[in-house]
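Hi,

Here is the structure I promised to pass on. Have a look at it first, and my notes follow below.

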Amino acid sequence: MTQKRFDNHYRYFYHDHNGQRRRYGIYSPGLDRFIHIGDLDFWISFETANILSSKINTIVYILPPGYDDMTNENCINYSLFNKTSQKLWTSNILVGRQNPALKMLYPDDIILKSGIPVDFENNVSILDDLQAYTNYVYEQSMAIKLSDVFYNHFNHKDFMDNFVDQETSKALYSAKDWTNVNLFQKVKNVLYLSNTAEEADEKIIEIWKTFTDDIGFMIEGYYKILDRPVPKELENYVGLNSYKNLSVWAF
Amino acid sequence: MLELDKILYFVTSSGNYQTGWLWKGLYDELPTFESRWYLTVGKRFTPSRFVTRHGEWTLPWPQELPEKFKMPEYNPNFSKSFMQVTDEKARRIKERIIQGEKFVVMYSGGIDSTVVLTSLIKNLTNEELESVWVGASVESVIENPYFWNNFIQGKIKTIDSKITKYDDLIEAGLTPITADEGDCIFGTLIGLNMYNNYDYLISDLSEGTKQKLSNLKNRIGDADIHFSTYKDLIIKFLDVPDEKDFGRILYEKYVRNIETASVPVHSLHDFFWWLIFNVKYLNCSVRGALFYNDRVAWQDAIMSIENWYNDSEYQLWSMANNNNGQKIKQTPLSYKKVAKDYIYDFDKNHWYNNFKMKLESMWMIGNQQNVTHLDIHRRPNARIALTKDYEMIYTDTPGVKEYFLHHLSNYKINWTDI
């Protein structure tokens, strides 16, 4: 059965009505172009868009079926045909708000190939930089989420914040995550405020270096997820040498 | 009591009846398309608060314009740059600070209020900045985290603008500065929404018109393409479903106003700029004093709030700088280009300069204000008009229904055929 407009049943968030895996587009209303296409998970696209909101306001769209020609490499050429009904409360998405929302595009919504945005026709490198940073944040967002659930085994603070009543949370306020200082929130803040991937990389290394706890395995895992070697500056923080305080029985 | 001959400064009518039962009841009672027409404007632009400052523009009721918001005479030779005008404005505030006045900049993080704050930081000494507070909310940080982190946090005192209304500030001896007329200087959201949907809106016009307009999409700020070239598109954009000919009649009303004014209006962007610079200007100027203030007398609030862009120099700059790429280039993203450049010259934030869009920040503050301490009939959405004597008219003011019924019934569409 074809998905009808405004049928937002959760089954349509990962697969379309043909059973095909859906993809997710980060769309800039100002550029009227997609700046990123992801096929991993809309939560990661949404996290990426939130982090990017310090630089550009976007909407994350669950893309309609088809449009296989549109890829992450060429999406800067693709725009939305009818934006009149694309709203955030009473405002059009163009002027709605700085931080993103997640929205659905339905089978009859049309995506058009419109070419490079006219504002940057003579300065395409600005768009290249934007997309490079977006791709970088997308990978980092994935690594942060996976590292948190894979390696941050004792993230009780997060659990208390999300599942336990506020009274208990206040009484037992010492609940913490393994990193003690809300590490992943710090990394996200670096991504939010940095201007380039290089700047963010350096600051993330500094964050890892500030730890007194033995979390070398988490550092190693984080870069493994990114498929990048552990930076030289962190070599002394990973491997067996780093487990200086942790009891063996934990493993 | 609202007598029939009362002259008004301001009326807010709403097509979706946000201002209560009054407009809905009147709409149902009015017998003709002509008598309902002005309320239909409120369906298209909610709320509708149109008052002209220049040129012919009939309203159903007797109307005057407060002196403070009159339009200066157009001067084609005005040659000061946006930067000059802005820095000079900051230096006038500096003089007032030296005289002992204290200010609160109502800061959204958007382009207009960031210009205000930038100019003050540029032109004031650290000691003088001690007399300036920033009224901000969490949305201000989200809209411009770079500016917040680098130039506000820990450097300038802040006030939470979501829980501090104009009356709180004025009663504390502070002068609020609002950038609310920023859009009036540069253009309007109404235009941006049309440019943004250009391809879609022209798609079902006649083949010939579509052909002609498809090549003109990126020439919205080109003085050589007169706005009337886009007439069919504008009418379609202005139209209201089930209200036959509404878009055409409203377009003709705007055209009549433009033709009877002495300020040049050429391009499509000029057309929309003129709407807000002329007929929507008063709304931007007084809505804060009337709807984000409960205790300070209406006249006192209107007079004591410093409307940053309601300055003859800014208005003269605005009239003399159409179609030169400073207000807009080819797309909505380039809107307020000269203002973004002014900010960039100071903060060097290229992301903001390249990608910042004008956002609608008003609803985030205005519509989220606490009104529960007020009688339900005295809350902002029950305030529907202000008389020339600065008396607030509420939905339950005696004579209010009779007043509007009388004037709307006698309204004549005399600027075009119906």
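**What I found**

Let me start with one helix: α4 (residues 111–123) of chain B has 13 residues and reaches 18 Å from its first C-alpha to its last, close to the 18 Å expected at 1.5 Å a residue. That expected span is 1.5 Å times one less than the number of residues, and helices (H or I, at least four residues) and strands (E, at least two) are DSSP runs numbered from the N terminus. Of the 13 residues of α4(B), 10 are buried, so the helix is largely enclosed by the rest of the structure. The buried ones include Ile111(B), Asp112(B), Val115(B), Val116(B) and Leu120(B). "Buried" here means 20 or more other C-beta atoms within 10 Å of a residue's own, "exposed" means 12 or fewer, and "partly exposed" is in between, with C-beta atoms placed from the backbone.

Before you read on, keep in mind that this is a predicted model: local features need pLDDT of at least 70, side-chain atom pairs count only at pLDDT 80 or more, and totals for chains, interfaces and linings use all residues. Residues are numbered from 1 along each chain as its sequence is written, while chains are lettered from A and ligands numbered from 1 in the order in which they are written.

Now chain B as a whole. Its secondary structure comes to 22 helices and 8 strands, and buried residues make up 44% of its 418 residues. The C-alpha trace spans about 65 × 55 × 35 Å along its principal axes. A compact globule with 418 residues would have a radius of gyration near 22 Å, and chain B agrees at 22 Å; the radius is taken over C-alpha atoms, and the globule rule is 2.2 Å times the number of residues to the power 0.38. The domain assignment (bounds from an automatic or database source) gives chain B domain 1 (8–64 + 376–409), domain 2 (82–183 + 294–356) and domain 3 (189–279). The centres of domains 1 and 2 of chain B, taken over C-alpha atoms, are separated by 31 Å.

Which residues touch the most other members of the largest nonpolar core? They are Phe10(B), Val104(B) and Val105(B), in a core of 157 residues. Such a core is a set of buried Ala, Val, Leu, Ile, Met, Phe, Trp, Tyr and Cys residues joined through C-beta atoms within 7 Å. Leaving out residues up to four places away in sequence, Val104(B) touches Trp133(B), Ile159(B) and Leu169(B), among others.

Asp389(B) sits in the loop between β7 (383–387) and β8 (392–394) of chain B. It counts as exposed because it has 10 C-beta neighbours inside 10 Å. Asp389(B) and Leu8(B) are 381 residues apart in sequence, but 8.3 Å apart in space, C-alpha to C-alpha.

On to chain A, with 8 helices and 8 strands. Buried residues make up 33% of its 251 residues. Its domains are assigned as domain 1 (11–121) and domain 2 (152–250), and their C-alpha centres lie 31 Å apart.

Last, the interface: 26 residues of chain A are in contact with 25 residues of chain B, where contact means C-beta atoms, placed from the backbone, within 7 Å. On the chain A side, β6 (91–92) and α6 (183–193) are the elements that give two or more residues.

Cheers

Conventions: Contact = placed C-beta atoms within 7 Å.
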